[in-house]
Amino acid sequence: MRRVAAAVALGLLAWLAGTAVGAVPVGAPGAAAAPFLQVGRAHADFTPTLDGDRPIFLLFIGSDARPGQAVEGERADSIHLVGINPAKGKASILGFPRDSWVEIPGHGTDKINAAMVYGGPDTVVATVEALTGITIDYWVLTSFDGFQAMVNDVGGLVVDVPFPMQDPFSGSDFEPGRQRLDGRQALAFARDRHSLLSGDFGRSENQGRLFLAALTQFRREFARDPSRLLTWVAAGMRHVHTDLGAGEILDLAFTAAGIPPAGVRNMVVPGTTAMEGGQSVVLLSGGAAVIYRDMAKDGLVSPRNAPPSPEERV
């Protein structure tokens with residue numbers, strides 16, 4: 001059973017704010033304790049500027065680690081590239097199906113979720129950069145335990161469930177409509193692929209929906225009661241490990257949280273299923289290159305180049 005593709009929505013854009021205070025550096029005593037969220041710079045020799053002059057690219061990674069396993073050493077079963085354009089107040093979320101058959105630098109061709117097994121977040125970053133031609137600024141990594149804990153710490157997430165979902169494998173059991181999900185339910189929503197017409201493509205899209213749900217909820221709660229910021233910050237403080245400076249993390253958090261949900265486009269790289277070496281894989285569409293080039297320019301994908309929802313239902 002693939003655990004968590006969910007870790008997904010993990011870092012949940014707004015939760016980056018929590019890392020600005022009390023964050024534990026990666027490698028510090030206690031840093032290996034789960035649950036946690038790690039935030040790192042994609043290239044140690046380069047500090048991105050967050051002044052709005054250029055887009056910011058973040059890679060969100062959900063680990064398939066079970067309790068007791070190293071989060072950085074298991075499969076990356078949730079991979080989302082987020083492009084933020086601060087000047088335009090817009091962003092793009094681009095999900096990659098976990099079985100995407102790609103070139104992993106230094107390791108030949110394999111499923112994209114194997115990249116982290118080969119070399120942790122750095123190899124996942126290198127793989128997505130080689131695939132898309134986009135230089136990534138930051139990576140965010142979490143486990144399903146960390147994801148559930150953060151959802152519970154903020155009192156659950158209000159999610160607009162798009163269609164009926166019942167899946168004994170993930171534990172999902174939802175009717176359509178807006179509802180508040182606790183950590184266990186949010187994880188089930190993010191892991192479910194058996195209720196979906198498009199399988200892992202639709203699951204990746206649902207994981208993007210959780211990003212948007214967190215961002216929407218954070219902004220709504222803060223507007224109604226600014227003291228709610230403390231709840232979200234506390235959730236981050238309890239679960240985040242990072243080597244980034246407090247100022248850099250705070251700038252990144254406010255850059256992300258400043259994007260209105262209506263300005264975020266949620267997409268999944270299109271492709272088809274196939275067999276390679278006796279295993280089921282996803283062959284990404286040749287047209288994906290157009291999406292990558294468009295996103296590389298300013299962090300955004302124009303409507304004419306955006307792929308349709310994999311779960312469009314008649």
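Colleague: How many helices and strands does the protein have?

Modeller: There are 8 helices and 15 strands. Helices here are DSSP runs of H or I with at least four residues, strands are runs of E with at least two, and both are numbered from the N terminus. Bear in mind that this is a predicted model, where local features need pLDDT of at least 70 and side-chain atom pairs count only at pLDDT 80 or more, while totals for chains, interfaces and linings use all residues. Residues are numbered from 1 along each chain as its sequence is written, and side-chain values use heavy atoms, with hydrogens and water left out.

Colleague: What share of the protein counts as buried?

Modeller: Of the 314 residues, 56% do. Buried is under 20% relative accessible area, exposed is over 50%, and partly exposed is in between (1.4 Å probe, protein chains only).

Colleague: Why is V158 called buried?

Modeller: V158 has a relative accessible area of 19%, and the cut-off is under 20%, so the label is buried. V158 sits in strand β8 (residues 157-161).

Colleague: What is V158 in contact with?

Modeller: Setting aside neighbours within four places in sequence, V158 is in contact with R178, Q179, R180, A213 and Q217. Contact means heavy atoms within 4.5 Å. For A213, 55 residues away along the chain, the C-alpha atoms are 6.4 Å apart.

Colleague: What puts the buried residues of α8 on the same side?

Modeller: In α8 (residues 288-298) the buried residues are A288, I291, Y292, D294, M295 and D298. They span an arc of only 165° around the axis, which means they share one side of α8. The arc is taken from the directions from the helix axis to the C-beta atoms. R293 and K297, on the other side, are exposed.

Colleague: Which elements cover that buried side?

Modeller: The cover for the buried residues of α8 includes β2 (56-63), β3 (76-85), β4 (90-96), α2 (115-132) and β15 (279-284).

Colleague: Why is the pair of F174 and F189 called edge-to-face?

Modeller: The search of the whole structure finds 4 aromatic pairs. Rings of Phe, Tyr and Trp (its six-membered ring) pair if their centres lie within 6.5 Å; planes under 30 degrees apart are stacked, over 60 edge-to-face, and the rest tilted. The F174 and F189 ring centres are 6.3 Å apart with planes at 65°, so the pair is edge-to-face. F174 is in strand β10 (residues 172-174) and F189 in helix α4 (residues 183-191), so the pair ties together parts 15 residues apart in sequence.

Colleague: Are F174 and F189 buried or exposed?

Modeller: F174 counts as buried at 3% relative accessibility, and F189 is buried at 0%.

Colleague: How do you know that β5 and β6 are paired?

Modeller: Two strands pair if DSSP finds at least two bridges between them. β5 (residues 101-104) and β6 (residues 108-111) are joined by 4 bridges, so they qualify, and they run antiparallel. In β6, G108 stands opposite I104, and T109 stands opposite E103. The hairpin has 3 residues between the strands, and G106 takes a positive phi near 85° there.
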